[in-house]
Amino acid sequence: MTFISSLQPQQRKTLGDQIYESIRESIVSFKLPPGTMIYENELAETMKVSRTPIREAIRLLVSEQLLEVLPQRGTRIALISARKVSEARFIREQLELGAFRLAAVKWGERDRSAESAAFEALLEQQRAAAEAKDIALFMQLDEAFHRAVLEIAGNETLMQMIYYMRAHLNRARYLAIDQFGHMDRVIEEHRQLFEAIRSGDEQLAAARLEQHIRKLDQELPQLREANPDYFTD
């Protein structure tokens, strides 16, 4: 099983956390495509750990419905649920709309030179990832952009909620980027979102976020038609 690398030490994260996040990221980034069977012993050998933390990570991922246990067959990567993608898109929109509005309001409360430079750097890194056609890195930077806005809003609980509910959505988004190749469009939408927040225009930030998020609804039927083996209702 070569699609998951062995773990490297990370500060302030337990081994169990690292294993869980590594497998989860492999699912979202299609290193482990929908329908792939996985086995505890192979994962343990590949990641050079015991089976106990692997088993706990699998339990958590089953609870998130990213893995499913098939009676008398084993565990496989869950198919992408079109229903869960639509539900996650709706929830993400409702949660992030408030956060993006709040970020626009808070932007002018103090000097944001450091944050502004960080956003510019993120956009440039996304452009470099797009030029390299590195979808996995592009998606990680996409997450980093949205997380940076949530940090401006200052709601840690909201960040945690969005992190856990976006995996189903991000699998479909990864597939959409791979199929439609619209990374340049996403970068431009991020640029416009950032400008709206930096200008302090909460209404504009909300309107642009809605447009940014809802495009997946239009793409989902085409993704299902092109990849029927990856999807379920």
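1. Leu70 stands opposite Gly74 in β3. Strand β3 covers residues 74-77 and runs antiparallel to β2, with 4 bridges joining the two. A word on terms: helices (H or I, at least four residues) and strands (E, at least two) are DSSP runs numbered from the N terminus, and two strands pair if DSSP finds at least two bridges between them.

2. Before you go further, please keep in mind that this is a predicted model, in which local features need pLDDT of at least 70 and side-chain atom pairs count only at pLDDT 80 or more, while totals for chains, interfaces and linings use all residues. Residues are numbered from 1 along each chain as its sequence is written, and side-chain values use heavy atoms, with hydrogens and water left out.

3. Now the whole sheet. It is open, with 3 strands in the order β1-β3-β2 and antiparallel pairing. The edges are held by β1 (37-38) and β2 (67-70); each has a single partner strand, so one side of each is left without a neighbour in the sheet.

4. Two backbone angles deserve a look. Gln72, in the loop between β2 and β3, has a positive phi of about 65° although it is not a glycine. Gln72 counts as exposed, at 89% relative accessibility. Here buried means under 20% relative accessible area, exposed over 50%, and partly exposed in between (1.4 Å probe, protein chains only).

5. Lys133 is the other one to check: its phi is positive, about 55°, and it is not a glycine. Lys133 sits in the loop between α5 (113-131) and α6 (135-153), and is exposed, with a relative accessible area of 67%.

6. A cavity is a set of points, on a 1 Å grid over the protein atoms alone, where a 1.4 Å probe fits but cannot get out; lining residues have an atom within 4 Å of a point.

7. Which residues lie nearest the centre of the largest cavity? Of the 15 lining residues, they are Arg173, Arg185, His212, Leu216 and Glu219. The elements giving two or more residues to this lining are α4 (82-107), α8 (167-180), α9 (183-198) and α10 (202-226). The most come from α10, with 5 residues.

8. By class, the lining of the largest cavity has 7 charged, 6 nonpolar and 2 polar residues. Asp, Glu, Lys and Arg count as charged; Ala, Val, Leu, Ile, Met, Phe, Trp, Tyr, Cys and Pro as nonpolar; and the others, Gly among them, as polar.

Key:
1 Å grid on protein atoms, 1.4 Å probe; cavity = no way out; pocket = protein on both sides within 12 Å on 5 of 7 lines; lining within 4 Å.
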